[in-house]
Amino acid sequence: MILTIAGHTFREVIRKKILHVLIGLGVVIIIVSPFIPTTDEPDARVKMMLVVFFQVVVLLCIVGVIFLSATSLPHEIEDRTIYGVLSKPVSRLKIVVGKISGFALVSALLLIILGLVNVVAIQRIASRLPEGYRGILKARNEFAASRFSIQGKSHHVRQGIVWIEGGRAGIALWNFSDLYKKLDNKSSFEVEFNLKIDSSRKDIDAIPLAVRIEDANVDRWETSVLSAKIDEPLTIKIDPVIVGKSGAVNVTVFPIHSTDYIGVTQGDAKLFAVQKGFVYNYAKAIGITFLKFLLIISIAVTGSTYLSAPISIVSALVVFLCGHILDFVKDFSLVIQRYDVHEHALPAALKKPNIFLVYLDYLVKKPLEWFSVILPDFKRFDSLKFLLKGINIPWETVGVSVGYTALYAGICLFIASVIFKKREFF
Amino acid sequence: MDNSAVRTEGLTKVYKDFWRRKSVSALTNLNITIERGEIFGLLGPNGSGKTTTVKLLLGLLFPTSGKSWLLGYSSVDLKVKSKIGFLPEESYLYKFLNAEEILDFYGKLFDIPKTERKSRIDKLIHDVGLNPYRKRLLSQYSKGMLRRIGLAQAIINDPDLVILDEPTSGLDPIASREIKDLILDFKRQGKTIVLCSHLLADVQNICDRIAILNKGVLQVMGNVRELLSQKDVIEFVVKNLSDNDIQAVETFIKSRSGDVLSINHPVSTLEELFLTIIQQSK
């Protein structure tokens with residue numbers, strides 16, 4: 001029964017050509033996105049494509065789906081086609097679930113088609129990138145160094161950055177441990193350096209570095225010489241044998257020439273375990289985005305069981321907007337206080353309080369706090385930040401998103417069924 | 001075991017305004033019983049409470065007080081809906097579907113198996129005369145065609161009780177007659193039909209019993225023949241009688257203290273004349 005209503009809802013969207021319009025617009029935006037002016041970094045266009053897809057195309061589709069899901073039931077009630085369904089042996093709860101499922105199906109189709117177009121376009125653009133910039137196309141698990149030290153002596157320390165002179169005067173050492181704790185032993189590993197470089201030689205844009213990677217427990221290592229360029233990340237693959245069974249690795253770096261310098265901090269070397277490819281990670285991001293669609297559809301359909309079409313659309317859009325600025329809503333009180341301080345530009349002790357703002361703050365503080373608890377937190381579904389850094393989206397994040405959506409959508413469904421069950425059709 | 005098709009007890013509906021204050025009393029204390037297998041006409045002027053009664057029976061509205069039963073089940077019971085067919089006042093259908101698709105959709109809601117659904121759809125489309133237009137979207141249908149497909153959807157589940165709200169509205173006389181024949185055919189199959197109509201001639205022709213509502217109150221209910229018969233007036237219908245014989249009969253009646261109210265040639269109905277002419281022109 002639910003599938004019948006879901007299929008019917010899906011067919012309505014297809015027949016009314018709304019899906020075609022959304023897909024058409026989405027494809028046009030995806031095609032145009034690589035041509036949007038951006039920075040000169042080689043991978044900037046790929047990043048732009050990801051940003052445009054997840055922030056523009058997805059937003060466009062969400063707004064479209066909100067319009068559809070918030071108006072479907074009110075339109076059926078208004079033109080009385082709902083009579084035909086309600087006079088059949090179908091419970092009202094099933095009608096609501098069927099509607100939500102139908103729009104979820106529409107969203108899934110939208111995301112699959114547009115996501116595929118986007119990922120194909122990204123792969124094409126990324127295939128022309130220099131090897132060093134393809135990190136964005138990976139799905140890596142990041143490991144921060146458990147310990148960082150300088151062996152020998154540092155040349156000087158400025159703003160927290162330790163500068164080391166070349167020629168073995170000093171060596172930067174990072175220790176990484178517990179690499180297998182959350183991974184299987186099929187993972188490959190790489191280290192990424194974001195070092196500051198300098199040289200007393202003139203007109204130098206790259207310096208040679210000696211990099212040694214060794215098993216922390218067994219006497220096994222590999223040494224290589226790499227050319228480090230200014231403001232470019234340096235990536236080196238690790239022989240799986242080095243990582244061994246212990247899962248603990250030491251990484252040491254120093255400039256070869258005594259005329260060269262490197263500036264290092266603990267966070268400048270990161271070890272990444274590359275498990276699966278970008279497409280797999282991208283699919284997870286699409287899955288999380290689908291949950292976002294599912295949540296807003298549940299909210300929009302719930303509203304539409306009681307509200308008229310225009311009010312239902314506005315309500316769903318307001319909830320969607322507020323769900324992205326929950327921090328602002330929660331801290332609105334702080335915003336008022338800051339405004340107060342800014343206005344008077346006086347120390348708090350000397351400040352003459354603005355009575356209006358004090359009362360406003362008093363009145364809205366608690367309701368806004370409650371409001372921020374009730375509203376859905378759409379920032380939970382931000383998977384773009386992982387893709388931009390080429391970081392594997394943890395399954396914990398996916399699981400939490402699924403749980404949150406299930407809980408919130410379940411509450412929405414309960415409210416919708418209660419409202420719709422009591423609704424009369426005049 | 002309740003053997004009636006429809007039964008209401010003190011069914012009352014009061015519409016309230018936004019502030020939950022009593023605004024309109026749409027139906028007051030309705031007590032009716034419709035037996036299985038009969039054609040029952042629900043009559044009344046606009047706003048008399050006919051549609052409210054139907055909506056209360058179907059669970060589209062909830063009664064302010066009173067109860068109703070359909071085929072022995074409480075009307076709020078979902079199970080009973082699988083035995084009911086409903087044709088609303090207007091053809092409220094999904095215009096983005098074609099005839100086959102809409103019947104298939106409603107058939108699925110009744111959980112009718114696929115093969116049976118397909119054969120029923122074919123038969124119904126044929127019966128309501130829409131076979132050549134079965135693939136055409138309903139948005140391109142005329143009002144009469146929508147009414148026919150509306151009727152088809154009302155009986156897709158082979159119901160025991162069919163509630164028809166103005167079934168012949170918007171139909172030409174031929175289609176209207178076909179629908180009436182179809183309703184009589186339902187009766188022959190043992191189905192119960194509740195008919196709401198403004199067309200009194202239709203109701204008179206096909207209904208066994210009627211109820212007349214006005215301002216939400218039941219005014220009269222009973223057998224059509226009994227309600228319409230004038231007990232103190234007698235009508236003879238005679239063929240091939242000369243003027244002298246007519247004169248003699250009239251004199252005889254007067255001699256027996258009878259009042260002759262009128263002597264006329266009987267008139268056929270306009271519907272019959274129309275159908276005869278159309279039939280002859282074919």
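Q: At what angle do helices H5(A) and H13(A) pack, and what distance separates their axes?
A: This is a predicted model, in which local features need pLDDT of at least 70 and side-chain atom pairs count only at pLDDT 80 or more, while totals for chains, interfaces and linings use all residues. Residues are numbered from 1 along each chain as its sequence is written, with chains lettered from A and ligands numbered from 1 in the order in which they are written. Helices (H or I, at least four residues) and strands (E, at least two) are DSSP runs numbered from the N terminus. Axes are lines fitted to C-alpha atoms, for helices over the stretch in contact, and angles run from 0 to 180 degrees between N-to-C directions. Here H5(A) and H13(A), the latter covering residues 395–422, pack at about 130° with their axes 9 Å apart.

Q: What word describes that orientation, and which handedness has the crossing of H5(A) and H13(A)?
A: Angles under 35 degrees count as roughly parallel, over 145 as roughly antiparallel, 65 to 115 as roughly perpendicular and the rest as oblique. H5(A) and H13(A) are therefore oblique to each other. A crossing is right-handed if the near helix is turned clockwise from the far one by less than a right angle, and left-handed if anticlockwise; H5(A) passes H13(A) in the right-handed sense.

Q: Which residues make this contact of H5(A) with H13(A)?
A: Two residues are in contact if their C-beta atoms, placed from the backbone, lie within 7 Å. H5(A) contributes A:Arg92, A:Leu93, A:Val96 and A:Val97, and H13(A) contributes A:Leu413, A:Ala416, A:Ser417, A:Phe420 and A:Lys421. By class, six of these residues are nonpolar, one is polar and two are charged (Ala, Val, Leu, Ile, Met, Phe, Trp, Tyr, Cys and Pro count as nonpolar, Asp, Glu, Lys and Arg as charged, and the others, Gly among them, as polar).

Q: How do the axes of H1(A) and H5(A) cross, and at what angle?
A: H1(A), residues 2–15, and H5(A), residues 92–126, have axes that come within 7 Å and cross at roughly 45°. The two helices are therefore oblique to each other, and H1(A) passes H5(A) in a right-handed crossing. On the H1(A) side the residues include A:Ile2, A:Ile5 and A:Phe10, and those they meet in H5(A) include A:Ile95, A:Gly98 and A:Leu105. This contact has ten nonpolar, five polar and two charged residues.

Q: Where in chain A does A:Lys17 lie, and is A:Lys17 buried or exposed?
A: A residue is buried if 20 or more other C-beta atoms lie within 10 Å of its own, exposed if 12 or fewer, and partly exposed in between, with C-beta atoms placed from the backbone. A:Lys17 occupies the loop between H1 and helix H2 (18–32) of chain A. A:Lys17 is exposed, with 10 other C-beta atoms within 10 Å. Although not a glycine, A:Lys17 has a positive phi of about 65°. A:Arg168, also a residue other than glycine, has a positive phi near 65°. A:Arg168 sits in the loop between strands S4 (161–165) and S5 (170–176) of chain A, and is partly exposed, with 14 other C-beta atoms within 10 Å.

Q: In what order do the six strands of the open sheet in chain B lie?
A: Strands of a sheet pair through backbone hydrogen bonds, either parallel or antiparallel. Two strands are taken as paired if DSSP finds at least two bridges between them. In chain B the order is S7-S8-S9-S4-S10-S11, with mixed pairing. S7 and S11 of chain B stand at the edges, each with a single partner strand, so one side of each is left without a neighbour in the sheet. Neighbouring strands are turned by 15° against each other on average, direction ignored.

Q: Which helices pack on this sheet of chain B?
A: H4(B), residues 143–154, touches S7 and S8 (161–165) of chain B, and its direction makes about 165° with that of S7(B). H5(B), residues 173–188, touches S4 (39–43), S8 and S9 (192–196) of chain B, and its direction makes about 150° with that of S9(B).

Q: How many bridges join S10(B) to S11(B)?
A: Six bridges join S10(B), residues 209–214, to S11(B), residues 217–223, and the two strands run antiparallel. B:Ile210 stands opposite B:Gly222, and B:Ala211 has B:Met221 as its bridge partner. The strands form a hairpin with two residues between them, and B:Lys215 in the turn has a positive phi of about 50°.

Q: How many residues of chain B are in contact with chain A?
A: On the chain B side 21 residues are in contact with 20 residues of chain A. S7 (84–87) and H2 (99–109) of chain B are the elements that give two or more residues to this side, and H2(B) gives the most, with four. The side of chain B that touches chain A has 16 nonpolar, two polar and three charged residues.
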